[in-house]
Amino acid sequence: MKKQLLVAVTLVAVFVVSMVASAQVKKGKTRAALTKQIMGGIMRPNCAALGEGLKTAPADDKGWAALATNAAVLNEVSYIVMDDGRCPDGDWANAATTLRECSAAVLAKIEAKDLEGASAAFKTLTGACAACHKAHKK
Ligand code: HEC
């Protein structure tokens with residue numbers, strides 16, 4: 001009887017822990033935005049615009065400024081994904097750090113109007129998307 005109770009308690013504990021873990025991945029603790037919405041609404045559009053925009057050198061300062069905005073926003077998202085209890089583990093945290101460092105590097109290269117440097121840093125940046133998705137995107 002005691003043993004069965006222990007098994008039941010353990011199962012409930014495992015269930016609760018896995019629920020909390022998945023809740024953190026899909027949504028923060030208090031804020032309204034789902035991770036999915038942050039990805040679809042902020043992450044993907046800025047990443048896509050940056051990838052597209054770095055294919056050829058922007059024609060003018062306005063073009064460079066638009067790319068700088070994309071890189072700066074991606075840098076900001078690296079903080080958002082760590083906020084509000086979203087981060088479940090080291091894979092997530094490392095990917096966020098890669099995103100933060102690479103987006104800062106992309107931004108610096110854009111500010112220097114160094115297209116090749118920006119493209120190289122952007123390539124490393126997309127490794128952060130892949131790493132986190134491999135570990136956490138079901
Ligand atoms: C720290 C972790 C992490 C990083 C970094 C990350 N993602 Fe995600 N992404 C997720 C998770 C988790 C999901 C799945 C969310 C869900 O379905 O609840 C997701 C889902 C998505 C989706 C699908 C959204 C939808 O509507 O289903 C897109 C698109 C996406 N990410 C783009 C990106 C891009 C582009 C990058 C890199 C610039 C990136 N993500 C970096 C964690 C991350």
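The dialogue below takes up the metal site and then the salt bridges.

Mentor: Please note first that this is a predicted model, in which local features need pLDDT of at least 70, side-chain atom pairs count only at pLDDT 80 or more, and totals for chains, interfaces and linings use all residues. Residues are numbered from 1 along each chain as its sequence is written, and side-chain values use heavy atoms, with hydrogens and water left out.

Trainee: Which residues are the protein donors of the iron atom of the ligand?

Mentor: Donors are N, O and S atoms within 2.8 Å of the metal (3.2 Å for Na, K and Ca); water is not among the atoms, so sites may look incomplete. Here the protein donors are Met39, through SD, and His133, through NE2, at 2.0 to 2.3 Å from the iron.

Trainee: What is the geometry of the site of the iron atom?

Mentor: Ideal angles at a metal with six octahedral donors are 90 or 180 degrees. Six donors count as octahedral if opposite donors are over 155 degrees apart and all others between 65 and 115. The iron site has six donor atoms with angles of 87 to 179° and is octahedral. Met39 belongs to helix H2 (residues 35-53) and His133 to helix H5 (residues 115-136), so the pair ties together parts 94 residues apart in sequence. Helices here are DSSP runs (H or I, at least four residues), numbered from the N terminus.

Trainee: Is Met39 buried, partly exposed or exposed?

Mentor: Buried means under 20% relative accessible area, exposed over 50%, and partly exposed in between (1.4 Å probe, protein chains only). Met39, at 24%, is partly exposed, and His133, at 33%, is also partly exposed.

Trainee: How many salt bridges are counted?

Mentor: A salt bridge is a side-chain nitrogen of Lys or Arg within 4 Å of a carboxyl oxygen of Asp or Glu. By this rule there are three. One of them joins Asp83 and Arg31, whose closest N and O atoms are 3.4 Å apart. Asp83 lies in the loop between helix H3 (61-80) and helix H4 (90-111), and Arg31 in the loop between helix H1 (2-26) and H2, so this pair ties together parts 52 residues apart in sequence.

Trainee: Where do Asp61 and Lys113 lie in the chain?

Mentor: These two residues form a salt bridge with closest N and O atoms 2.6 Å apart. Asp61 is in helix H3 and Lys113 in the loop between H4 and H5, so the pair links distant parts of the chain, 52 residues apart. Asp61 is exposed at 54%, whereas Lys113 is partly exposed at 44%.

Note on methods: Tetrahedral: all angles 85-135°; square planar, octahedral: opposite > 155°, others 65-115°. Helix = DSSP H or I, 4+ residues; strand = E, 2+ residues; numbered from the N terminus.
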